[in-house]
Amino acid sequence: MDFLPVFLNIKNQACLVVGGGEVATRKAMLLLQAGAHVSIVSPELDAVLNEYLACGKIQHRAEYFQPGHLESIVLVIAATDDRVTNRQVSAAAQQRQIPVNVVDDPELCTFIMPSIVDRSPLLIAISSGGQSPVLARLLRAQLETMIPAAYARLAAMAGNFRNQVKQHFTHPEKRRIFWEKALQGRFAAMVLAGKDRAAQDYLLQSLQQEKDEPPQGEVYLVGAGPGNPDLLTFRAMRLMQQADVVVYDRLVSPAILDMVRRDATRIYAGKERNRHTLAQESINQLLVRLAQEGQRVLRLKGGDPFIFGRGGEEIETLAAHRIPFQVVPGITAASGVAAYAGIPLTHRDYAQSCIFVTGHLKNNSIDLDWPHLARPNQTIVIYMGLLGLPVLCQQLIAHGLPDSTPAAIIQQGTTQKQRIVTGTLHTLPGLAEDAHLTPPTLIIVGEVVKLHENLAWFEPVLDAENAPANILALDPETKQPLE
Ligand code: SAH
């Protein structure tokens, strides 16, 4: 982040605009809207500013800028077309530690002006940090169309009831839940439909019905998909905004974690081979304890929680403790990664069935039903198989699959670090070793792998050379690789 977004209260404060043309006018209007006392320093004023002057809205000094003009000023904007003057303003302001903005000259600014979506009291400010004002404006145009004008009234009305609701609930959690319900439910619908009076009555009624007792905790077991935030479900997104605490796995990418409600407490429960941060039993108990404290707990897992995710065990413990929970499916690695690798898992000509297995290596062997796997016209997807790859390929060949059977291993599929190595059961272990892949990786075996050559479509854009070692295994706090 290059700038800290803040909203300044400049009501009744003296602000200065240097310049008297069209741009200066726009800036002066904005300052006036925020309730400031505005002075203009400029030998001349354009027509609009002259009108403002005539009706006493602004003050004017028909002079060239000099540092003395900054006396008692809390904020200054330079909007002249003369770079020398703009520089002077910037230097003088910075010397006095007065925030200064120079229009279209980020280097001379100590603050920049965002694009604004104004639904006062609701305000959305967008900035590209001076890199692309046009992009910020385009985004603003999109938001303008998405956010009904009535949100202004909705925000103001919520403001009117804020104290009353605050007094009603001693538990802040309960208060937040009440507002979330109101602002996503009938109250909001009524305000948006212009029925303000009915909306007020309804809000008061719902408030009276709410008891001020400790909130009941709940657990959301949510699949976060294979890594790319675009692949989250709407439901996952919604619950991510509601949670008080998030307990997340190693496979949950930092980009996804960033989308969880900012105030939610983050607890890392990651599991890595040989490095169990929290044992499964402790995770189960942790979820129970957090929910019993009345928190809304987001249990965020990579992929789908019910596919090699031990999600079942976690909710069994919750059920035993009578803690309410809900489960949100995620895109499992097999479907996400296959899609982004251009490998259809089934195909009329090549595979009529598809089987998901774990290739976890134990004492140098893998316990799988090999005859069942080594069948023609079937795609095999192997999770957690990188270390066991040579054993897997050997066993499949030993149980009857031709050693020319196409096979692929995909690293960090769906993300900007996706890499695909293709070969056959015979060649893949060697090719994978040469490629120095980093987990997580997924293995796909079967004739469908041949289709990749024609169907590959996804091109990671990140400069892999300069990217961190493993984008999915960054410490969310330091953004450094975990190992
Ligand atoms: N519940 C998860 C799987 C957890 S097991 C799901 O449904 O996807 C962890 C294994 O998933 C990893 O060892 C790897 O084999 C696979 N995996 C998860 N995300 C992946 C990704 N982005 N690319 C490749 N493999 C992935």
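Which residues are buried in H3? I started there, taking buried as under 20% relative accessible area, exposed as over 50% and partly exposed as in between, with a 1.4 Å probe and protein chains only.

**Ground rules.** This is a predicted model, where local features need pLDDT of at least 70, side-chain atom pairs count only at pLDDT 80 or more, and totals for chains, interfaces and linings use all residues. Residues are numbered from 1 along each chain as its sequence is written, and side-chain values use heavy atoms, with hydrogens and water left out.

**Helix H3.** I found Thr 85, Asn 86, Val 89, Ser 90, Ala 92 and Ala 93 buried in H3. Their cover includes strands S1 (14–18), S4 (75–78) and S5 (100–102). Helices (H or I, at least four residues) and strands (E, at least two) are DSSP runs, numbered from the N terminus. I then checked the length: H3 covers residues 83–95, 13 residues, and reaches 18 Å from its first C-alpha to its last, close to the 18 Å expected at 1.5 Å a residue. The expected span is 1.5 Å times one less than the number of residues. Just after H3, I noted that Gln 97 takes a positive phi of about 55°.

**Ligand.** I looked up the 18 residues around the ligand; Pro 226, Asp 304, Ile 307, Thr 332 and Thr 441 come nearest. A residue counts as near if one of its heavy atoms lies within 4 Å. A backbone N or O atom of Pro 226 is 2.7 Å from a ligand nitrogen atom. A polar backbone atom of Met 384 lies 2.8 Å from a ligand oxygen atom, and for a backbone N or O atom of Thr 441 the distance to a ligand oxygen atom is 2.6 Å. Taken alone, the ligand exposes 540 Å², and the protein buries 93% of that. These areas come from the Shrake-Rupley method with a 1.4 Å probe.

**Thr 441.** I placed Thr 441 in strand S19. It counts as buried because its relative accessibility is 9%. Leaving out residues up to four places away in sequence, Thr 441 touches Met 384, Leu 386, Ile 409, Ile 410 and Gln 411, where contact means heavy atoms within 4.5 Å.

Most residues other than glycine have a negative phi, and most peptide bonds are trans. I found a cis bond from Pro 439 to Pro 440, with omega near 0°. The bond from Ser 120 to Pro 121 is cis, with omega near 10°. Asp 104 has a positive phi of about 60° and lies in the loop between S5 and S6. Is Asp 104 buried or exposed? It counts as exposed, because its relative accessibility is 75%.

Note on methods
Polar contact = N/O pair within 3.5 Å; in protein donor to acceptor, adjacent residues only side chain to side chain.
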